[in-house]
Amino acid sequence: MQRVTILGSTGSIGVSTLDVLARHPERFEVFALTAATRWQPLLEQCLAYTPQYAVMSDPRAAEQLRQALQRSGSKVEVLSGTEALVAVAQDSSVDTVMAAIVGAAGLLPTFAAVKAGKRVLLANKEVLVMAGHLFMAAAKTHGAQILPIDSEHNAIFQCLPLAGPLAQGIALAELGVSKIVLTASGGPFRQLPLSQLSQVTPEQACNHPNWSMGPKISVDSATMMNKGLEFIEACWLFNARARDVEVVIHPQSVIHSMVEYVDGSVLAQLGNPDMRTPIAHALGMPERLPSGVERLDLVRSARLDFEALDEERFPCMTLARQAAERGGTCPAILNAANEEAVAAFLASQLQFNDIAQVIAAVLDSVESAEPVSLDAVQQADLSARQRARVAIQQISAKQ
Ligand code: NAD
Ligand code: MG
């Protein structure tokens, strides 16, 4: 029996994870479920899955959840705050941690799971962008198995001939790999006239053509910052250099990514765009588990198209590439500025095109340092957020 903690269980990835777990009650037991502020969905999950613990980062929401659980006679123990998130991620009775909090908020609990040597299913890409070096080093030292949940990285992982876990620092060349190809759908605005981009609404940005996801990653997919973050994520996970990773637009999202070998072979992983496939892959490894995902019908899919990425339309991809090349805490600064800008866009305080402008302004003005510790990374994150809020105010005042 594998005991599982889901960090961010009420989100899109969290719900898909519970769906897969529920199909295999003989294999998995839910140890802890966690959420931020909305206690009602967590209450429903607690009643359905009876974990040992439920954690809310917000103490007032936790109190409401506690009372509601008591009223329904449930024995689930409710905790709150970051320390509690860390505790359920590193608890000695936990085998597997699904890291599915969105953004930098997942940094400490996910790092705690790695340091406790867990099998860590990593959806929360932002933490790897912020502190990839520290995560991969800690995974090696503490014997944690980091398994990529991001569909692209899970696809690449499936196409690599790895005998052991990631984080062993094997060079791609040693595996005969000449290139990693990350596919990108291009999001909802791939073909929108450039002149209309500034007018798009949060609702339009969140309406992804192929995937159903949380609001932040949906906006990231529309700006292509998601691919920028994934590019950095791929470099850390697979020990790749920037020039080893290519991004190609593939609007159907059927090929989830590819690996090219020196002999000319290109291996791809295909499937319907449903996150339960990578989740089931990582939960079951080395076995394959039924996931509930509809089978791919190639005849119905009919076409697989590819095109080059237009960096004029998607300047966030360029910003991410530059941050990766500059190194240090630049990726953490990029990520923090992006989180602030996306939140402001979702709150209708910023136009779509301004997201990239805010990030560029922050990257130009916040000094990068060596990401020697989690503290240094958090400090860079904090400074970048302060600077981003100033830039957001300046830009929105002009509108
Ligand atoms: P979501 O917004 O649907 O869910 C986020 C979860 O995190 C919720 O349970 C929420 O309660 C929790 N959370 C949010 N802020 C928090 C905070 N400050 N403290 C503690 N908990 C907090 O997001 P999602 O779409 O499920 O994405 C989760 C992560 O997975 C993101 O990093 C995203 O990039 C990544 N990811 C998602 C998908 C997808 O299909 N949704 C695909 C690939 C990667
Ligand atoms: Mg992805």
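Trainee: Which domains is the protein chain divided into?

Mentor: Domain 1 covers 2-148 and domain 2 covers 327-399, with bounds from an automatic or database domain assignment. Their centres, taken over C-alpha atoms, are separated by 27 Å. Domain 1 brings ten residues to the contact and domain 2 brings twelve residues, where contact means heavy atoms within 4.5 Å. Residues are numbered from 1 along each chain as its sequence is written. Because this is a predicted model, local features need pLDDT of at least 70 and side-chain atom pairs count only at pLDDT 80 or more, while totals for chains, interfaces and linings use all residues.

Trainee: What area is buried between domain 1 and domain 2?

Mentor: The size of an interface is often given as the accessible area lost when the parts come together. Here about 890 Å² is buried (1.4 Å probe, summed over both parts), and carbon and sulfur atoms give 73% of that area. On the domain 1 side, Val129, Met130 and Leu134 supply 52% of what domain 1 buries against domain 2, more than any other three residues.

Trainee: Which elements give two or more residues to the side of domain 1 that touches domain 2?

Mentor: Those are α5 (107-115) and α6 (125-142), helices being DSSP runs of H or I with at least four residues, numbered from the N terminus. The largest share, five residues, comes from α6.

Trainee: How many salt bridges are there between domain 1 and domain 2?

Mentor: The count is zero, taking a salt bridge as a side-chain nitrogen of Lys or Arg within 4 Å of a carboxyl oxygen of Asp or Glu.

Terms used. Chains are lettered from A and ligands numbered from 1 in the order in which they are written. Side-chain values use heavy atoms; hydrogens and water are left out. Buried area is the accessible area (1.4 Å probe) that two parts lose on being put together, summed over both.
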